[in-house]
Amino acid sequence: MKPEREMEGEARKRWGALQYRDFRFFWAARAISVAGDRISMLALPTVAILILQASPAQVGLLNAAGTLAWPALGLFAGVWVDRLRRRRILVATDLLRAGLLGSIPLLFALGHLSLLQLLLVAALVGAMTVFFDLASSAHLPSLVPRADWADANAKLEVAQQAVATGAPGLAGLLITALSAPFAIAFDAISFLASGLLIAGTDASDPALPVSPRRSLWSEAAEGIRFLLRDPALVRITLCAAISNVGLLMSLAMQLLFLYRVMRLSPVVVGLCFAVGSLASLVGALYNRRIMNRLGIHRTLVLSTFIEGIAYILIPAGTFLPVIPLLLAALILSGFFNTTWNVSVITFRQTRIAQQLMGRVGAAARVIGYGALPVGSGAFSPARRANRVGIALVIAALVAGSSALALLGRSFDSPTTGIEPASS
């Protein structure tokens, strides 16, 4: 019979980061809000396309509206994330997003829903998401010991992707049964639940010292300088920017192609996206094995290339059966998207000092996410079936070419796969 201490040690190893109460609350909050996000990801453009009869240019503008906050606010948001208690930022932004999204079904019920309101909500939710995302990745290392950071990131991805697997299919059913605006109400409820769960964690987390307080510009510049001094972080940031341009080009055209060119219903599209989410779950489960086998550098090169180039299969649906091609594209892209996400987040957390996490993360994301509006609107004038298909091919080639930014000297270490930061 095993000694009691050995059994306790095995139980802790099995639970990993979930053995910590505050992380469990945070883990549940993220999973719930992601479920709502995936519903709105399909429902919001569906409202624009099927209810408000939005043009391709307007759909591209709607997609871009949610991402403009990164280049506009990202650097300054990073400063405030490093100044304030991150838990408070997380709770406040969750509750504000709940209120903003809840306004869509309310105004639809009153008969006053407009494209302008969708654009304003998307932009304001995007601004809140900037603060939340920066605070979230910077806050996680305070919830678990350093040895459990990779496990915590992987468990977050597993939980989020597991919930997201059924969310697109549920979104299609909700859109069909209730209409797209009322489907968005579920996202509002998910943010409310997420905020309440995070509010239930330990409230004693201290603000990190930033001494002495300087201007927003000088503190933001400190994060930029740290990023630019690290060649590995620079290459990852450039790779993410190129990939995001291609992926958002594709996203702006995908639903137009599937709804208007291929005449698929929201239920079918939602179910296909659910299968892609299932592949993302598998990617999260196998991420550590892939990193251990390939090293983080080769893992990132492979992930960003396949995630992007996979979407070249979708426009082939004009000549071949579209549903199998759509499924193949979503499965490949979903699997390698999650592999990329877990690898990059863990790499950055081990590379960047805690007191700089918000600012350096903001600098990287302003560059990486700042490219999103470019991708969203790049091919918005496309109207004919053949032009939408060509736009999707170009988008896939751009996203896949992001791997070129990572070619060259590896930043793996022989033992851990992550080269330690220089002092």
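This is a predicted model: local features need pLDDT of at least 70, side-chain atom pairs count only at pLDDT 80 or more; totals for chains, interfaces and linings use all residues.
Of the 423 residues in the protein, 55% count as buried. As for secondary structure, you'll find 15 helices and zero strands.

Let's start with helix α2, which covers residues 21-51, and look at two of its partners. One is helix α8, residues 180-199. The axes of α2 and α8 come within 8 Å and cross at roughly 160 degrees. Angles over 145 degrees count as roughly antiparallel, so α2 and α8 are roughly antiparallel to each other. As for handedness, α2 passes α8 in a left-handed crossing. And what sort of residues make up the contact of α2 with α8? They divide into 19 nonpolar, six polar and two charged.

Now turn to the other partner, helix α6, which runs over residues 115-139. Here the axes of α2 and α6 come within 13 Å, and the crossing angle is roughly 155 degrees. With the cut-off for roughly antiparallel at over 145 degrees, α2 and α6 are therefore roughly antiparallel to each other. The crossing of α2 and α6 is left-handed. If you want to pick out the residues, α2 brings F26, R30, L44, V47 and A48, and these meet L115, L118, A122, F132 and S136 in α6. By type, the residues of this α2 and α6 contact split into eight nonpolar, one polar and one charged.

To finish, let's zoom in on a single residue. Where does T304 sit? Its place is in helix α11, which takes in residues 266-309. Is T304 buried or exposed? The cut-off for buried is under 20% relative accessible area, and T304 has 1% relative accessibility, so T304 counts as buried. Which residues does T304 touch, not counting residues up to four places away in sequence? Going through them in sequence order, T304 touches C239 and S243, then W340, and then A399, G400, S402, A403 and L406.

Terms used
Residues are numbered from 1 along each chain as its sequence is written. Side-chain values use heavy atoms; hydrogens and water are left out. Axes are lines fitted to C-alpha atoms, for helices over the stretch in contact, and angles run from 0 to 180 degrees between N-to-C directions. Helices (H or I, at least four residues) and strands (E, at least two) are DSSP runs, numbered from the N terminus. Angles under 35 degrees count as roughly parallel, over 145 as roughly antiparallel, 65 to 115 as roughly perpendicular and the rest as oblique. A crossing is left-handed if the near helix is turned anticlockwise from the far one by less than a right angle, and right-handed if clockwise. Ala, Val, Leu, Ile, Met, Phe, Trp, Tyr, Cys and Pro count as nonpolar, Asp, Glu, Lys and Arg as charged, and the others, Gly among them, as polar. Contact means heavy atoms within 4.5 Å. Buried means under 20% relative accessible area, exposed over 50%, partly exposed in between (1.4 Å probe, protein chains only).
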